[in-house]
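These notebook entries record what I looked up in the structure, topic by topic.

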Amino acid sequence: MGSGSRIVFPCRAFSLAFLVPSFTSSTQLSLKYFLAHTSLPPTAFSFLRMASSSSSSLTNGNDINPSNDAAAPSPPSASSAIDFLTLCHRLKTTKRAGWVRRDVQNPESIADHMYRMGLMALIASDIPGIDQDKCVKMAIVHDIAEAIVGDITPSDGIYKAEKSRREREALDHMCKLLGGGSRAKEIEELWMEYEENTSSEAKIVKDFDKVEMILQALEYENEQGVDLDEFFQSTAGKFQTEVGKAWASEIASRRKQR
């Protein structure tokens, strides 16, 4: 979020060293033995195999066939899905830092913000060449790494490159917690595309991010009598798409008519 401060949960606190055992070239560890001595779901095993410095330890006849595993990634198991969703609970409970810093009462959570962005992508008019479903998905994952790192803002004094590094590390952890596979890969690709602003869909969703923020700012101003002009100023002239510009203009017009 554009303004404010927030306690940051260091990514290293969620290091995979707490989740997986060490592998050595001399360790002959069958899949059956491994799963019997860990709480990780079977779908997470392919990730552990790739993370290991030695794949020769997985040649037992009971082990996963690497070629088959790579060709047909499994969907998340019930266990890995619930682990992932439990971590995402923090998106529901972590308040957006800019509002907290401005003493807004009962401020929205990160999940609140992403949800309305998803609705924005859903109701926006069709645009030739734009994948609307992709926009909806991107909106609901663009801040997902904040489940671990929190809502880092410019006022926290953290360089952009460091912010990006922490969020990428958090995203990697979350995708591995999900068990890898096609769904985790899709989340990673959507997040990276948004982060790098490399597509028309990313540009639209980035505009929705700003539009949602100023709409929320207007609502707080109307409800609580606070002055949140800085949020409007921070987005002025930064919209990249016609839909973003149109919606931002409508919000600004309504603000002037109060």
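**Entry 1: α11 and α13**

I began with the axes of α11 and helix α13 (residues 242-256), which come within 9 Å and cross at roughly 10°. The model is a predicted one, in which local features need pLDDT of at least 70 and side-chain atom pairs count only at pLDDT 80 or more, while totals for chains, interfaces and linings use all residues. Residues are numbered from 1 along each chain as its sequence is written, and side-chain values use heavy atoms, with hydrogens and water left out.

The crossing angle makes α11 roughly parallel to α13. I applied these classes: angles under 35 degrees count as roughly parallel, over 145 as roughly antiparallel, 65 to 115 as roughly perpendicular and the rest as oblique. The axes are lines fitted to C-alpha atoms, for helices over the stretch in contact, and the angles run from 0 to 180 degrees between N-to-C directions. Helices (H or I, at least four residues) and strands (E, at least two) are DSSP runs, numbered from the N terminus.

I then listed the residues in contact (heavy atoms within 4.5 Å). On the α11 side they are Ile204, Asp207, Phe208, Val211, Ile214, Leu215, Leu218 and Glu221. On the α13 side they are Val243, Gly244, Trp247, Ala248, Ile251, Arg254 and Arg255. By class, this contact of α11 with α13 has ten nonpolar, one polar and four charged residues. For the classes, Ala, Val, Leu, Ile, Met, Phe, Trp, Tyr, Cys and Pro count as nonpolar, Asp, Glu, Lys and Arg as charged, and the others, Gly among them, as polar.

**Entry 2: α7 and α10**

How do the axes of helix α7 and helix α10 cross? I found that the axes of α7 (residues 132-141) and α10 (residues 181-196) come within 9 Å and cross at roughly 85°. The two helices are therefore roughly perpendicular to each other. In α7, Lys134, Lys137, Met138 and Val141 meet Glu186, Ile187, Leu190, Trp191, Glu193 and Tyr194 of α10. The residues of this contact divide into six nonpolar, no polar and four charged.

**Entry 3: aromatic pairs**

Next I looked up ring pairs. A pair of aromatic rings is described by the distance of the centres and the angle of the planes. Rings of Phe, Tyr and Trp (its six-membered ring) pair if their centres lie within 6.5 Å; planes under 30 degrees apart count as stacked, over 60 as edge-to-face and the rest as tilted. By this rule I noted three aromatic pairs.

Trp99 and Tyr220 form an edge-to-face pair, 5.2 Å centre to centre with 75° between the planes. Trp99 lies in helix α5 (residues 97-101) and Tyr220 in helix α11 (residues 200-224), so this pair ties together parts that are 121 residues apart in sequence. The rings of Trp99 and Phe231 have their centres 4.6 Å apart and their planes at 45°, so that pair is tilted. It links Trp99 in α5 to Phe231 in helix α12 (residues 229-235), 132 residues apart. Trp99, Tyr220 and Phe231 form one aromatic cluster.

**Entry 4: single residues**

Asp103 and Asn106 I checked for phi. Asp103, in the loop between α5 and α6, has a positive phi near 60° in a residue other than glycine. Asn106, also placed in the loop between α5 and α6, has a positive phi of about 50°. Asp103 counts as exposed at 57% relative accessibility, and Asn106 counts as exposed at 67%.

Glu195 is in helix α10 and is partly exposed, with a relative accessible area of 29%. Not counting residues up to four places away in sequence, Glu195 touches Ser164, Glu167 and Lys206.

**Entry 5: whole protein and confidence**

The protein has 13 helices and zero strands. Buried residues make up 43% of its 258 residues.

The mean pLDDT is 80, and 72% of the residues reach 70 or more. Over residues 3-71 the pLDDT is below 50, and this stretch has 104 contacts in the model beyond near neighbours in sequence. Where pLDDT is low, the predicted coordinates should not be read in detail.

Technical notes: pLDDT = per-residue confidence, 0-100. Buried < 20%, exposed > 50% of the residue type's maximum accessible area, 1.4 Å probe, protein only.
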